Amino acid sequence: MGTMADAEELLRELAERHGVATSFWGWGGARQEVRPATLRSVLAALGVAADTPEAMREALAEADLAPWRRLLPAVTVIREGADATVLVHVPHGSPVTVWVVAEDGTEYPARQVENWDGPRTVDGVLTGRAAFLLPADLPLGWHTLHARTGDQTAEAPLVVTPDALGTTAQLEDRRRWGLMAQLYSVRSGRSWGVGDFADLADLAAVGAAEGADFVLVNPLHAGEPAPPLEDSPYLPTTRRFVNPLYLRVEDIDEFAYLSTTDRSRAEELARGFAGVNSSAALLDRDASYAAKLEALELVWRIERSPARDRAYARFREQAGQGLEDFARWCALAAGREADDAVDFYRWLQWVCDEQLESAQRSALEAGMQIGLIHDLAVGVRPDGADGWSLSDVLARGVTVGAPPDMFNQQGQNWSQPPWHPRRLAESGYAAYRDMLRTIFRHAGGIRVDHILGLFRLWWIPEGASPGDGTYVHYNHEALVGILALEAQRAGAVVIGEDLGVFEPWVRDYLAERGILGTSILWFEHDGDRPLAPEAYRQACLTSVNTHDLPPTAGYLAGDHVRLRESLGLLERPVTEELAAAQTEIDGVLGLLRERGLLPQGAGLADEQRVIEALYELIALTPSCLLGVALVDAVGERRTQNQPGTYREHPNWRVPLTDTTGAAVLIEDLPDHGRFTSLARVVRHALENHARERPAPGTEAE
């Protein structure tokens, strides 16, 4: 009995040494112990043997010795202006010199300081540990740390990150609102069955005309290179490159030079979607993408002008080996092995980049202050491009998900391999950096889905249920710091989706680093009452709704409960869930009446008035950004995504429709009474609230 207890103690010590949680607080408030089998599986995914007591003792010893085997740490991430030291390991008594070479080639010497750690024997060599103070005046950026002792040298990345993201301060002058939309669902008469980059530019122009300062869209990450396509934008093949599904074929420069025959064919393909665009039927990505690929290949074969050819060459040079690897994977995955197929997929990324750049430029020229806010998914599908080219920094044998909570009482499995914490660090966070740089290229901001994953992720062993997982911790100082650095360089804001179960200090930390949070009206409570608007966070994007809930019209009707009941996702009777939902809704309606936003006699029968009052309520918060869901603005009721489901519900396939179920096109929006009314309500509420509050740094008389 004692031996078994000792083995379990060893297992828990080893897990904690590698950042694997041995217990956690569940959503019901109870402390839950992680099963030993889960700990062993997760440690195995980290490359740590835990099958026997002897193996665990060896692994603990290796964890102690590993840093001593390196002259320099694999990577060092610090904050700008901080007093930071780096530990260097050399044969005991050997002199060592440490210096930094900045991105621009400037050299900065590091100064040795006292360190009282005693030497230890490592692989038969008595090894000492020296501490060096890094220069406090290092600029922001990706630098190189060097060390020399005798004839031994080493170098490693040194990343200097902002103490706080400076772009956040630019939002303090006034509060801003914008539209939140699933781009594929928002079509025009010129779309090819799904919304595209040209539609995005037009949506931004429509929003800007109503006073919006941004458009927040779903992840635009690349999917499969050919049909069939994964419907979820949150399960891409890569997060670094863009989905050509969103291309507007006619907007590519070379389209104008198609032969008469090829142009007729492309126009014929486009005409095939004229009726589809105005249909309320579920989206068919496969049909749209198949047609686009045929037309795109015709355009790709057109000889480019010298200027266009140079622009393409510059894009390839900037994208580097990552683009080559991705294009090669696409060709292989699509069964097109010829070299020209690789160039086709490279070219697709170039024209995607051009059209995204055009959309962001159009948004800003239309009057938006921020423009496009992109969405960064949590991860990628295991058999995709990143799974192929980044296998050295992804963990295998586990997937990412979420533990059970009140909205998903069986937990969630997102079917994505997580970053391997140690190997990602040892790579200098290169894949993470390159991914961020692509997303920031043409963005005024990004939303980081489940930003809590930069602190810890819920790992689920393959074959286990979502509830039989545990949290694995990451170096959040490095991951958040690099995120802030790349955002600062791009002049972009960062919004962290910080909903769900998290440790209390996390939100404070993100605010300290200049990362905005996320508040959804239905999730904000003060005990058993809805949170007063004055108590919301200032550094935050606040909205009534999120894509993981029904549009507000459906939420008010209890559609979220009935849908989960029909899918077998409830853990208690549907009558109890409906009663709880109604109590929640009644509480919010009561708050609306208290604040004079809804007359005493008004109720759910006047759906549009209630929804507008809800948006007026969030306009009373101090939050610097307000998100207006496009589905709420037109009266849509169908649920876009039901977490915890795959094929059981038509997730991510619902086109934009109105309260009657008729499709709404972008050209309909300027004269759409419900859309313009909600935009006017939000705009006037913000204007009135601004007049009633003193400007920052002043006192009310």
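**View A. An aromatic cluster built from ring pairs.** Trp300, Phe344, Tyr345 and Trp347 are linked into a cluster by ring pairs; rings of Phe, Tyr and Trp (its six-membered ring) pair if their centres lie within 6.5 Å, and planes under 30 degrees apart count as stacked, over 60 as edge-to-face and the rest as tilted. This is a predicted model, in which local features need pLDDT of at least 70 and side-chain atom pairs count only at pLDDT 80 or more, while totals for chains, interfaces and linings use all residues. Residues are numbered from 1 along each chain as its sequence is written, and side-chain values use heavy atoms, with hydrogens and water left out.

View B. The whole structure contains 15 aromatic pairs. In one of them, the ring centres of Phe241 and Phe326 lie 4.9 Å apart with planes at 15°, so this pair is stacked. Phe241 sits in the loop between β13 (214-217) and α5 (260-271), whereas Phe326 belongs to helix α8 (residues 306-333), 85 residues apart in the chain; helices (H or I, at least four residues) and strands (E, at least two) are DSSP runs, numbered from the N terminus. Both Phe241 and Phe326 are buried, where buried means under 20% relative accessible area, exposed over 50%, and partly exposed in between (1.4 Å probe, protein chains only). Phe344 and Tyr345 form an edge-to-face pair, because their centres are 5.3 Å apart and their planes stand at 65°. Phe344 counts as buried at 0% relative accessibility, and Tyr345 is buried too, at 4%.

View C. Helix α9 (residues 339-365) has 27 residues, which at 1.5 Å a residue should span 39 Å; the expected span is 1.5 Å times one less than the number of residues. The end C-alpha atoms of α9 are 40 Å apart, which agrees. Just after α9, Gly367 adopts a positive phi of about 115°.

**View D. A salt bridge between Glu512 and Arg79.** Here the side chains of Glu512 and Arg79 meet at 2.8 Å, N to O; a salt bridge is a side-chain nitrogen of Lys or Arg within 4 Å of a carboxyl oxygen of Asp or Glu. Glu512 is in helix α14 (residues 505-512) and Arg79 in strand β3 (residues 76-79), so the pair links distant parts of the chain, 433 residues apart. Glu512 counts as partly exposed at 42% relative accessibility, while Arg79 counts as buried at 14%. Shared partners join Arg79, Asp163, Glu477, Glu512 and Arg513 into one salt-bridge network.

**View E. A salt bridge between Asp559 and Arg637.** The closest N and O atoms of Asp559 and Arg637 are 2.8 Å apart. Asp559 is buried, with a relative accessible area of 17%, and Arg637 is partly exposed, with 41%.

**View F. Strand β20 and its parallel neighbour.** Strand β20 (residues 493-496) is covered on both faces, with Val493 and Ile495 buried on one side and Val494 and Gly496 buried on the other. Strand β17 (residues 445-448) runs parallel to β20 and is joined to it by 4 bridges; two strands pair if DSSP finds at least two bridges between them. Look for Gly445 opposite Val493 in β20.
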